[in-house]
Number of protein chains: 2
Amino acid sequence: MTTLTPAALSGLTRCLHCGVRADSVCGVLSNEELASLAAIAEVQSVPRGQAFIEEQSPASAFFNISGGTAKLTRTLPDGRQQITGFVRSGDFLGLAATESFAFGAEAIEPLGICRFPRRRLEALLSRMPHLEHRLLQVACRDLARAQSAMLLLGRKTATERVASFLRDWAADHRPGVEIALPMTRGEIADYLGLTIETVSRILSRLRREGVIDTRGNHTLIVRQARSLAMLAGDEEDDALVCSHRQAASR
Amino acid sequence: MTTLTPAALSGLTRCLHCGVRADSVCGVLSNEELASLAAIAEVQSVPRGQAFIEEQSPASAFFNISGGTAKLTRTLPDGRQQITGFVRSGDFLGLAATESFAFGAEAIEPLGICRFPRRRLEALLSRMPHLEHRLLQVACRDLARAQSAMLLLGRKTATERVASFLRDWAADHRPGVEIALPMTRGEIADYLGLTIETVSRILSRLRREGVIDTRGNHTLIVRQARSLAMLAGDEEDDALVCSHRQAASR
DNA sequence: CGTAGAGTTGAGGGCGGTCAAGTCGTGTGG
DNA sequence: CCACACGACTTGACCGCCCTCAACTCTACG
């Protein structure tokens with residue numbers, strides 16, 4: 001039986017109920033189920049720069065992010081690194097961590113996390129089909145995103161990659177507002193399969209062309225959302241799209 | 001009530017019970033559950049080259065492969081294509097196909113598939129937690145694979161990509177045996193984020209160096225599995241690994 | 001045997017990586 | 001409060017890996 005301090009319990013409920021992001025684990029659990037989860041959960045704080053999942057050790061737990069931002073990484077033995085995703089408040093992670101495929105996770109902002117020991121949560125899942133169903137949805141969404149990332153990494157140019165990243169990160173923000181960009185240029189590069197220099201050059205060019213603006217190194221302002229979307233390469237010009245649809249319907 | 005011909009029912013059971021691959025949907029269903037699945041399943045044959053999931057239409061069904069090989073694709077409007085994976089007998093697919101993220105699937109060998117209408121299967125899932133649990137495992141495995149692919153596409157050199165692909169495709173085959181390679185050079189290129197010419201050049205070089213051999217364009221023989229694994233870049237030389245471990249433990 | 005598509009090989013070019021120098025911004029100690 | 005230092009970022013020059021273009025060969029199939 002695990003005892004939870006009031007603060008930790010509050011963190012846990014926030015963690016499980018955070019409804020900020022539409023895809024979080026929320027609104028699907030009964031009070032009884034919540035209590036079962038609370039019994040195995042452990043609330044932690046992670047300072048910036050600290051890894052909370054190590055590459056070498058097989059992940060022994062699932063995590064839910066209650067605040068801050070973290071990066072998920074895959075690393076080659078010679079040090080080359082690929083960031084497979086950024087996770088924020090409300091995100092659930094650990095599903096992809098099996099014995100055979102190690103991956104790491106590190107805070108890029110001070111992080112609040114909720115830790116669920118793997119075996120205990122898996123045991124609970126068999127009694128909570130709602131939660132398992134939710135996790136399947138989460139995994140499917142992550143899978144779809146990973147496939148988009150594969151398209152980006154395999155077939156997009158450097159400019160398209162940076163534009164795609166900025167567009168996605170700025171999604172559900174209105175044009176003109178300041179958007180926090182907690183990661184470094186190096187982390188953006190590791191996410192997009194580029195180098196720091198290339199990312200920096202392209203950001204400078206987009207700034208020069210008036211598509212985006214920046215306040216310091218960690219604040220982004222989108223000036224021309226439409227241009228950004230065009231540069232991302234996922235959609236063609238409307239005229240072209242129309243002609244394509246006509247061609248397809250023939 | 002759907003009526004199944006004896007041939008179709010035989011295809012379905014083969015489809016659901018195929019135990020060839022350890023990760024297939026098998027051995028977790030009662031006879032009653034099997035009957036429920038059979039009631040909504042539809043067995044189809046797909047000739048080589050034909051798409052059975054179209055990019056444009058949101059996927060309205062799940063599929064289980066009962067024989068042959070297919071490719072899963074993501075395509076940019078200008079025609080650039082990324083193959084996100086190859087699927088074979090026993091594989092389940094459709095999980096990543098949501099309304100917002102279209103992807104396509106096409107047979108590269110004559111294909112036997114088992115089609116499950118999405119809504120009907122989803123309705124069944126709520127009554128069959130075993131199956132939902134199995135699908136979660138499938139999704140997690142796919143997710144881990146997708147992350148490995150991101151590392152490959154983002155950070156590996158052309159030679160490392162080709163070597164990784166050959167090593168993975170030849171996995172669980174003994175060295176020296178002939179391995180079917182049903183996809184074209186162009187499909188390998190689209191999977192690895194390279195061009196046909198680069199793939200061809202690297203295969204020629206590996207052949208010249210005695211690492212692999214080929215019989216025609218669609219048969220592979222691995223001559224030096226260890227060399228192939230080294231070239232893939234995922235593991236270092238043993239000596240180096242040892243020195244690294246010493247450095248890490250300090 | 002002939003044709004069409006797939007694959008191979010070579011020559012040259014460009015995009016993004018590498019190397020290097022300089023600038024900015026933030027925190028720290030005098 | 002300012003001088004300093006360190007790290008993150010920017011910018012430029014150059015280079016190399018892989019792409020592009022092109023010609024040729026091989027394979028499969030009628």
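## Around DNA strand C

In this predicted model, 18 residues surround DNA strand C, and the closest are A:A158, A:T198, B:S200, B:R201 and B:S204. A residue makes that list if one of its heavy atoms lies within 4 Å of the strand. Sugar and phosphate account for 64% of the DNA strand C atoms that come within 4 Å of the protein. By class, the surface near DNA strand C has three nonpolar, nine polar and six charged residues. For that tally, Ala, Val, Leu, Ile, Met, Phe, Trp, Tyr, Cys and Pro go down as nonpolar, Asp, Glu, Lys and Arg as charged, and the others, Gly among them, as polar.

Which elements each supply at least two residues of this surface? They are α7 (196-208) of chain A together with α6 (185-192) and α7 (196-208) of chain B. The largest share, six residues, comes from α7(B). Helices here are DSSP runs of H or I with at least four residues, strands are E runs of at least two, and both are numbered from the N terminus.

Chain B also has polar side-chain atoms close to the phosphates of DNA strand C: B:S200 has one 2.7 Å from a phosphate oxygen, B:R185 has one at 3.0 Å, and B:R207 has one at 3.3 Å. A polar contact is a pair of N or O atoms within 3.5 Å; within protein, one must be able to donate a hydrogen and the other to accept it, and residues adjacent in sequence count only if both atoms are side-chain atoms.

## Around DNA strand D

Turn to DNA strand D and you find 18 residues around it, the closest being A:S200, A:R201, A:S204, B:A158 and B:T198. Of its atoms within 4 Å of the protein, 66% belong to sugar or phosphate and the rest to bases. The nearby surface has three nonpolar, nine polar and six charged residues. The α7 helices of chain A and chain B each supply at least two residues of it, and α7(A) gives the largest share, six residues.

On the phosphate side, a polar side-chain atom of A:R185 sits 3.0 Å from a phosphate oxygen of DNA strand D, while A:R207 has a side-chain N or O atom 3.3 Å from one. B:A158 uses its backbone instead, with a polar atom 2.8 Å from a phosphate oxygen of DNA strand D.

## The annotated span and its helices

An unreviewed UniProt entry annotates residues 156-226 of chain A as "domain: HTH crp-type". UniProt positions follow the numbering used here, feature names are shortened, and annotations may be inferred rather than shown by experiment. The end C-alpha atoms of this span are 18 Å apart, and the span is 49% helix and 14% strand.

Helix α5 (residues 158-169) of chain A has twelve residues and reaches 17 Å from its first C-alpha to its last, close to the 16 Å expected at 1.5 Å a residue. That expectation is 1.5 Å times one less than the number of residues. Nine of the twelve residues of α5(A) are buried, including A:F165, A:L166 and A:W169. Buried means under 20% relative accessible area, exposed over 50%, and partly exposed in between (1.4 Å probe, protein chains only).

The side chain of A:R155 reaches the backbone oxygen of B:Q81 at 2.9 Å.

## Salt bridges

Over all chains there are 28 salt bridges, each a side-chain nitrogen of Lys or Arg within 4 Å of a carboxyl oxygen of Asp or Glu. One of them pairs A:R167 with A:D234 (2.9 Å, N to O). A:R167 lies in α5 and A:D234 in the loop between α8 (225-232) and α9 (238-249) of chain A, so the pair ties together parts 67 residues apart in sequence. Both are partly exposed, A:R167 at 22% and A:D234 at 31%.

A:R118 and A:E122 form another, with the closest N and O atoms 3.8 Å apart. These two are four residues apart in helix α3 (residues 118-125) of chain A, so about one helical turn separates them. A:R118 is buried at 15%, whereas A:E122 is partly exposed at 37%.

In chain B, the side chains of B:D78 and B:R80 meet at 2.9 Å, N to O. Salt bridges that share partners also join A:K156, A:R167, A:D168 and A:D234 into one network.

## Conventions

Residues are numbered from 1 along each chain as its sequence is written, and chains are lettered from A and ligands numbered from 1 in the order in which they are written. As the model is predicted, local features need pLDDT of at least 70 and side-chain atom pairs count only at pLDDT 80 or more, while totals for chains, interfaces and linings use all residues; side-chain values use heavy atoms, with hydrogens and water left out.
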